[in-house]
Amino acid sequence: MYLRTTQRRNRDGTVVRYVQLAHNRRVDGVTQAQVLLNLGREDQLDRDGLRRLVSSINRYLGEADAGLPADATPLVGDGLRVTWSRPVGTVHLLDGLWRALDVDAALRKVLGPRRFTTNVERVLFALVANRAIDPMSKLSAAEWATCDVAIDGLEAMDEDQAYRAMDLLVEADAQAEVQEAVFFAVADLLNLEVDLLLFDTTSTYFERDTEEDGDEAFRRYGHSKDHREDLPQVVIGLAVTKEGIPVRVWCWPGNTNDQAILPEVRDDIRNWRLGRIITVVDRGFSSADNLAYLRRGGGHFIAGMRMRDGNPLTSQVLSRQGRYQQVRDNLRVKEIAVEGTDVRFIICHNPEQAERDRTRREDAITRLEAELERIKQARERDRTKNANHKAKQQAEAAHLKAECALRDHRSLGRWLRQSPSGRLLIDRAKIKAETRLDGKYLLATSDPHISAEDTALGYKNLLEAERGFRDMKSALLLRPVLHRLEHRIRAHVLLCWLALLLVRVAERRTGTTWRRIATDLGRVHAVSLTGSAGTAVHTTPLNTAQADIFRHCQVVPPAAITALDPG
């Protein structure tokens with residue numbers, strides 16, 4: 001046996017050399033070299049590993065050990081030295097949930113029988129795990145998966161493999177096949193109740209000065225829910241169960257109107273044939289056409305209704321008298337029946353919120369009264385103080401500017417009205433009308449069987465969708481989106497959705513926050529130890545809290561020895 005080298009010339013003229021362990025054999029009277037082991041590229045060769053092999057052979061032959069140089073890494077313990085140490089606890093938990101929820105099988109199913117040089121499923125898992133543990137750019141995520149964490153089945157990856165996997169993910173999910181396969185796998189395992197689906201939208205902006213042009217433009221100006229109307233954005237929709245498990249995600253151009261997307265959402269969910277579903281939506285989706293569309297095919301809705309838009313039906317409902325039913329300490333409900341419609345209306349009242357509304361309004365009125373009095377006194381003072389006409393005009397212009405700023409104020413301007421003389425006055429009629437709405441919100445439902453209490457509690461669960469968006473933007477760092485192509489943006493959103501799915505399942509099973517889980521398991525490391533007997537990868541022992549997390553999540557903890565390579 002002997003070591004030999006082969007070489008390959010690249011298109012740019014560079015030469016790459018490879019090292020192999022081979023031996024010669026005669027075939028039909030001709031000597032041929034048979035490769036026993038490929039050791040890899042010469043510039044990436046593990047020379048210390050070769051020295052250990054030489055040392056092992058010398059010991060077997062009874063000769064002096066000349067395998068390791070004098071300046072080699074000092075040995076520790078019983079002839080052992082640490083070659084690397086990487087966190088493994090959190091990524092092992094995510095990988096266990098990934099496999100338990102059959103996400104890996106679902107991805108392989110929709111990716112089809114095509115063969116790739118890279119394990120696409122493992123690369124996608126690495127990108128999802130990076131979102132959940134230490135979100136960063138795809139370039140940095142490839143380095144993170146290679147050098148900073150131990151992922152089973154993935155020794156290394158680069159950014160080209162990451163982008164290729166993202167492209168394949170979007171291609172496979174063209175008709176939401178990935179999301180459908182993942183959802184049904186999760187629903188069967190967790191016994192999810194999908195009779196109630198909560199839907200909401202958000203937006204995420206891009207750090208660029210202008211929007212894209214053309215009919216197919218994706219990053220567009222629109223109504224920003226991040227209050228960044230100056231930046232182009234995309235609109236993201238999310239459907240979750242009442243337990244907070246994300247079911248499906250959508251992505252639209254940034255100028256998409258909320259009222260226009262609900263029929264598409266309803267059709268997409270109906271195609272999954274989930275059976276009887278009650279869709280819960282906020283006030284932004286409760287147009288008459290949308291609510292009628294949600295009832296197609298026997299579906300039903302719970303929708304928040306606008307109380308201040310002057311709708312006669314809403315005014316009629318709010319004016320009805322009746323007794324409230326206590327649901328919880330901070331929630332009372334009252335059902336109102338309206339003739340001529342089969343839609344049921346429920347008025348919900350939160351006493352604590354009513355007190356907050358009253359206090360906030362009184363503080364605003366007090367501030368307005370003081371500001372209006374200040375402007376009035378300044379105007380009277382300048383009228384008597386300034387003798388010449390030009391000075392009076394300049395002073396009046398300053399007072400008008402102060403009044404305009406007050407009228408256009410986002411929170412204070414709503415309590416003002418303008419008199420025929422042009423002066424600003426506090427709108428007492430509006431204050432009286434708002435007093436009757438303190439702590440109240442109005443719901444409508446088409447389901448004749450659901451109780452008023454369950455309707456109110458079902459609507460409150462809409463907070464789970466908002467919580468999902470909040471976690472995607474903060475913990476999973478949905479933004480900044482470092483992509484410009486539409487399919488890459490969609491892939492980025494899908495990766496965040498898969499990460500949110502794993503996080504929610506872990507939180508639901510453990511009853512604690514993901515931050516706490518990631519912190520505890522981040523202290524579990526895989527340590528590679530090398531000695532005369534070879535190389536072994538050990539896992540640091542689990543404490544009680546770490547073991548409880550794996551037990552609650554029904555994931556087998558990492559083995560004490562995860563790899564063993566005898567010398």
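**Exercise 1.** Identify the residue whose side chain makes a polar contact with that of Thr 530, and describe the setting of Thr 530 in this predicted model.

*Solution.* 
Step 1. The side chains of Thr 530 and Thr 535 are joined by a polar contact of 3.2 Å.
Step 2. Thr 530 belongs to strand 16, which covers residues 525–531.
Step 3. Thr 530 counts as buried because its relative accessibility is 3%, and buried means under 20%.
Step 4. Pro 566 lies 36 residues from Thr 530 along the chain, and their C-alpha atoms are separated by 9.6 Å.

**Exercise 2.** Trace the salt bridges of Arg 99 with Asp 95 and with Asp 152, and state how accessible Arg 99 is.

*Solution.* 
Step 1. Side chains of opposite charge can pair when their charged atoms come close.
Step 2. Asp 95 and Arg 99 form a salt bridge with an N to O distance of 3.2 Å. Both residues lie in helix 2 (residues 89–100), 4 residues apart, which is about one turn of the helix.
Step 3. Arg 99 also forms a salt bridge with Asp 152, with the closest N and O atoms 3.8 Å apart. This pair links distant parts of the chain, 53 residues apart: Arg 99 is in helix 2, and Asp 152 is in the loop between helix 5 (138–147) and helix 6 (159–172).
Step 4. Asp 95, at 7% relative accessibility, is buried. Arg 99, at 33%, is partly exposed. Asp 152, at 55%, is exposed.
Step 5. Through shared partners, salt bridges join Asp 95, Arg 99, Asp 104, Arg 108, Glu 121, Arg 122 and Asp 152 into one network. In the whole structure, 38 salt bridges are found.

**Exercise 3.** Decide whether Glu 434 is buried or exposed, and list its contacts.

*Solution.* 
Step 1. Glu 434 lies in helix 13 (residues 428–435).
Step 2. Its relative accessible area is 8%, so Glu 434 is buried.
Step 3. Beyond residues up to four places away in sequence, Glu 434 touches Arg 308, Arg 361, Arg 414 and Trp 415.

Conventions:
Residues are numbered from 1 along each chain as its sequence is written. This is a predicted model: local features need pLDDT of at least 70, side-chain atom pairs count only at pLDDT 80 or more; totals for chains, interfaces and linings use all residues. Side-chain values use heavy atoms; hydrogens and water are left out. Helices (H or I, at least four residues) and strands (E, at least two) are DSSP runs, numbered from the N terminus. Buried means under 20% relative accessible area, exposed over 50%, partly exposed in between (1.4 Å probe, protein chains only). A polar contact is a pair of N or O atoms within 3.5 Å; within protein, one must be able to donate a hydrogen and the other to accept it, and residues adjacent in sequence count only if both atoms are side-chain atoms. Contact means heavy atoms within 4.5 Å. A salt bridge is a side-chain nitrogen of Lys or Arg within 4 Å of a carboxyl oxygen of Asp or Glu.
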